[in-house]
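Visitor: I'm new to this one and would like to learn how to read it. Could you walk me through a few features?

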Amino acid sequence: MQKYLIPILLLLSTTFTHAQFAGDHNHPELTWNVLETEHFKIYYHQGLAPFAKRTAKIAEEAYLPVTQLYHFEPDEKVRILLKDTDDYTNGAAYYYHNTIEIWVTNLDFDLRGTTDWVKNVVTHEFTHIVSLQTGRKGSRKVPALFFHYLRYQGEGKRDDILDSYPNVLALYAIPMTMIPPWFAEGTAQYMARGVQFDRWDSHRDMILRQATLNNTLLTYQEMNVFGSKTGLGFEKVYDHGYSLVLFIANTFGQDKLEDLCRSMATWWRYDFDGATKSILGISSRELYNRWVSSLEERYKAQKIRIDFNPASGSLLHQKGYLNLHPRWSPDGTQLAFLTNQGQDFGRTSLVSFTLSDSSLKRISPSANTAFDWSPDGNHILYTRRSQPNRYGSRFWDLYTVPPDASGEGPFQQMKDAIGLSRSTFPGETRLTHDLRAIHPAYSPDGTRIAFVKNGGGNTNLGILDVNTGEIHYRTDFKDGTQVYTPRWSPDGSQIAFSIFQPGNSRDIATISTESGPWTLQAASSGTDRDPCWTPDGNGLVFVSDNEGIFDLYHLTLADGTVHRITRVPGSAFQPHIN
């Protein structure tokens, strides 16, 4: 009997072609341009020229600090592709291609804080390009080695064939970059001194503090994978990783980040534990344990201070891990809010909670951002992404639904089961088409809707006339300024909102509904957000992390005095007064 042993070494090439950026097959309406700098090529379509210039400036600012930290420079100019074809936010680094892709909608994510997001995402993804290539074991054109083993059955075993056939097939892949997710994302958020455009903020501290106090920290093994997690677990990889990388940099020195990457570039090392032993002198488990001990010491001391004088209110609903934007009905009998109960990864439904019997009802299976009741209480105004338009783009639009509608009918059950979709849900009315509108709010008389307009990397405040459909924009920001959650004053003459300008923190402002500039009302050293008018119109209740944890505060507009309302161990957000 004759056998054949055929070991095969297969090299995968990842040669990049510029044809990928010549246009977008799904968006023939786009015209592409390129802005070239010393170290980057910025590809962008019409409407993004100012954003491309900002991106180029930020990328060049980040180039030297990041490459000097890792003592590594890409072997060609890094390509950055900018897209504004959907109301979608993300960034991706294809480090074997020296390519970054960025969707230019602001990252307004409920589990992340407010930063200068353009600087953040550009530097984050460029750090991925540099740090992960520093840790690769060979050419970037060879992402992995595949060993392919075949064995053939000897002749004579089968009477119905002329020759033998394979009876053993084995494949074994060896990736050329082996950096654990927590370290990859942690270093990308740490960035480098001089361009640390991300920062350890109160949102991240909230997640890590509660995980520490509730004994729900990811194990070290769980930090090493992204799969098999909820959306919160997925975010914890970023959160935990950033904190642990900060611990390494502060305890052992920033230079150890490069050393750990280079240690993983050696051909014989396939376990990060070997890198920590070689570079830090301790095992990865010991590193993890020391970090956890430091968290427990810090957060337990913080909780003792809070427990000495708490003011936290009572919980009405605590299922799901995202319960957002509570809004009282005009008659005060119901509380509507968004929840991801029964869902995951930020997918939220619009529900109503009836105080008299504590019942919960799903009104719409899909809703995003802040919403509002109509003044008469007959319907709820909200935002969700519409179905793709003629070019395949999905934009935020405004919809209404009566509070007695149900998102639980047969169609929705079928949609949940097999992924069907349609333009509207039962009982839903679509108000706009491709408006890219979020955070809608009714005027007190119900004739106008304030909203935030997305586009080109900016957001602006608009007012929609319900009867005529005319839109009056009250701001015209083009520098990356972001506007959030507008709310009308009780007399309808002003709108309060939170605002983030590049280089500053997020603050509270008001603006006349008719004309004139906006006025800053609250600007602490931290993040100030989620303004809500008091019923008499003389003050605002808002949220601030001025003392390290988000709590509710009251501002008297006449004299600017501020007093604290809550003191909670987690955080308090998005107030609305009955």
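Predicted model: local features only at pLDDT ≥ 70, side-chain atom pairs only at ≥ 80, totals over all residues.

Visitor: Let's begin with aromatic rings. How many aromatic pairs does the count come to?

Guide: The general idea is that a pair of aromatic rings is described by the distance of the centres and the angle of the planes. Here the count comes to 20 aromatic pairs.

Visitor: Which residues lie over the face of a ring?

Guide: Look at Arg 112, which sits over the face of Tyr 238, 4.9 Å from the ring centre. Then find Lys 137: that one lies over the face of Tyr 270, at 4.6 Å from the ring centre.

Visitor: Now for salt bridges. How many does the structure hold?

Guide: Side chains of opposite charge can pair when their charged atoms come close. This structure holds 25 salt bridges. Take Asp 84 and Arg 436, whose closest N and O atoms are 2.9 Å apart. Asp 84 is in the loop between β4 and β5, and Arg 436 in the loop between β16 and β17, so this pair ties together parts that are 352 residues apart in sequence. Both Asp 84 and Arg 436 are buried.

Visitor: And what does Glu 514 form a salt bridge with?

Guide: Its partner is Arg 448, with the closest N and O atoms 3.3 Å apart. Glu 514 lies in the loop between β23 and β24 while Arg 448 is in strand β18, so the bridge ties together parts 66 residues apart in sequence. Glu 514 counts as exposed, because its relative accessibility is 51% and the cut-off for exposed is over 50%.

Visitor: Is Arg 529 buried or exposed?

Guide: Arg 529 counts as buried, at 8% relative accessibility. Arg 529 forms a salt bridge with Asp 530, the closest N and O atoms being 3.0 Å apart. Asp 530 counts as buried too, at 4%. Elsewhere, salt bridges with shared partners join Asp 75, Glu 76, Arg 79 and Arg 140 into one network.

Visitor: What about the second largest cavity?

Guide: Its volume is about 30 Å³. Among the residues lining the second largest cavity are His 203, Asp 545 and Phe 550.

Terms used: Residues numbered from 1 in each chain as written. Heavy atoms only, no water. Phe/Tyr/Trp six-rings, centres within 6.5 Å; stacked < 30°, edge-to-face > 60°. Lys NZ or Arg CZ within 6 Å of the ring centre and 35° of its normal. 1 Å grid on protein atoms, 1.4 Å probe; cavity = no way out; pocket = protein on both sides within 12 Å on 5 of 7 lines; lining within 4 Å. Points joined across faces, edges and corners; volume = space filled by probe spheres on them. Salt bridge = Lys/Arg side-chain N within 4 Å of Asp/Glu carboxyl O. Helix = DSSP H or I, 4+ residues; strand = E, 2+ residues; numbered from the N terminus. Buried < 20%, exposed > 50% of the residue type's maximum accessible area, 1.4 Å probe, protein only.
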